[in-house]
Amino acid sequence: MSHHMTEVKDIHYVYPDGHKAINGISFRIHHGESVGIIGANGAGKSTLLMLLMGVLLPSQGEVRVGDILVTKETLPFIRQRMGMVFQNPDDQLFMTTVYDDVAFGPRNYKLAENEVEKRVQKALEMVGILHLKDRAPFKLSGGEKRAAAIASVLSMQPDILLMDEPSSALDPKSRRRLINLLKKFEHTKIITSHDLDMVYDLCERTIVIKNGEIAADGPTPEILRNAGLLDACGLEMPLALQGCPVCGERKVRKLTG
Amino acid sequence: MSNMINTMFDLRLLDDLACKDTVVHRLHPLVKLLTTVIYLIVVVSFDKYEVAGLLPFLFFPVLIINLAELPLVPLVKRMLPAAPLVLGIGILNPVFDHQVFAVGGLTLSMGWITFISVCLKCLLTVFAALLLIATTGMNNLAAALRMLRIPKLFVLQLLLTYRYISVLLEEVSLIWRAYSLRAPGQKGINWKVWGPLIGQLILRTFDRAQRVYQAMCLRGFTGEYNTGSQKRLTLWDLAYLAGWSLFFTLARIYNIPELTGSLLTGVI
């Protein structure tokens, strides 16, 4: 399954103002893996996602999706393989109806209109908002917008899903619905988030980033239980792993079973 | 200004209206575009002293607004931004035009006639353009322009400008809210902070526009706005175009109100 592998080799990125956002990051993500990328504000998570998608190109090092190097020439191919859900769904939804928004990607790849319709239908069904297809995106609730943004990416049938803070600005129920939805996907998932409880629920592997470098990379339960590491990286143990505030009992054993 | 967010929602009203399903909405976008262009050309081709001859052209918007089941008041509101411009152009006509005419013993400058004519032309043309967008939608209109072989770049410019107006307004409303919450009791924005606020607005809008553009690129956007399969021209579409063209031509050649008046008074 090497064609679905994502590989980052010693990448560096310096913003035009001289700010060094990424300083030599390397990792390899295999097909079907679900990886959480966590780190404090300004650690370089969003820049890393942009580099993976080829929105930014590294000043040094390389990014490979499958066997293909991410360059300006290979971008159309890369972007068909990888779908990115933005932090703010309003940035992603710009057409007049949900249907048109979800159809935007497939239409750009010049698919026949009946194929576009099938894909839109399937994507909307997957996220459970088929009934909203004729609504204007700006009139939807936060959770519905997020679902529409995910559908707009799913309709392109990517192998790899990248998500920037998918649970931000969602109410608890919508957040839980999103987590359950993402659990069902068989795609390779790369998720950046401050919601460590969600990362704990969704990702079997976690990469911690600090000042543009990898501070740790390993199985999620191991990393999220390492209070010292998290503290040094400006993070905190997820609530699910912290002791009960009333009786002080640790729930770790119960949860990890 | 405090109704900025309402205005923003209003801005999308035209998009909402364009999603309706009526006789007019179902017409081919190209036909609607061509009919409107012919209408605009004919209306502006009238002489500056012509008022009565323009009246039959009111028939077009009135009929469309009824057939397309559009609300009148919000559309009229949207015409208001054009009003100051037209008033500015026309208001001095009565002063500068030295020709006069008499009505019931009252001598008036012919400038008043040109002023009314300019206002009427503005009313008709702006309304026709609004009706076109409200019954067709920006995306279909762009597709129609592409069918007329208008270069991709111009059509895209038009579409993105239309899209980014709402982005700009959203940013304005956020800045305005943040400002007014920390400056209670102030009317408007203090002139001293206009500079930083406008600079901030431009940077934020750039940023936002950049993100929207990135989202488009990530979904395979390469400069062509694909709006799905296009309808085929039907006989009914062509009949619509031919019917209105005939009416506009007749109304341009013959002064219908004058003819009707003459018939009624039995002069002919």
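In chain A, strands E6 and E7 run parallel and are joined by 4 bridges; two strands count as paired if DSSP finds at least two bridges between them. The model is predicted, so local features need pLDDT of at least 70 and side-chain atom pairs count only at pLDDT 80 or more, while totals for chains, interfaces and linings use all residues. Residues are numbered from 1 along each chain as its sequence is written, with chains lettered from A and ligands numbered from 1 in the order in which they are written. Helices (H or I, at least four residues) and strands (E, at least two) are DSSP runs numbered from the N terminus.

The pair belongs to an open sheet of 6 strands in chain A, ordered E6-E7-E8-E3-E9-E10, with mixed pairing. At its edges stand E6 (82–85) and E10 (213–219) of chain A, each pairing on one side only. From one strand to the next, the twist averages 15°.

Together with helix H7 (residues 172–184) of chain A, E7(A) and E8(A) make a right-handed β-α-β unit; right-handed here means that, with the strands pointing away from the viewer, the path from the first strand over the helix to the second runs clockwise.

In a regular strand the side chains alternate between the two faces of the sheet. In E7(A), Ile160(A), Leu162(A) and Asp164(A) point one way, Leu161(A) and Met163(A) the other, and all are buried, that is, 20 or more other C-beta atoms, placed from the backbone, lie within 10 Å of each residue's own.

Helix H1 (residues 45–53) of chain A lies across E3, E6, E7, E8 and E9 of chain A, running at about 150° to E7(A); angles run from 0 to 180 degrees between N-to-C directions of axes fitted to C-alpha atoms, for helices over the stretch in contact. Leaving aside residues up to four places away in sequence, Met53(A) touches Met82(A), Met84(A), Leu162(A) and Leu218(B), with contact meaning C-beta atoms, placed from the backbone, within 7 Å.

Met53(A), Met84(A), Ala151(A) and Leu162(A) have the most contacts inside the largest nonpolar core, which has 76 residues. Such a core is a set of buried Ala, Val, Leu, Ile, Met, Phe, Trp, Tyr and Cys residues joined through C-beta atoms within 7 Å.

Notes. Two residues are in contact if their C-beta atoms, placed from the backbone, lie within 7 Å. A residue is buried if 20 or more other C-beta atoms lie within 10 Å of its own, exposed if 12 or fewer, and partly exposed in between; C-beta atoms are placed from the backbone.
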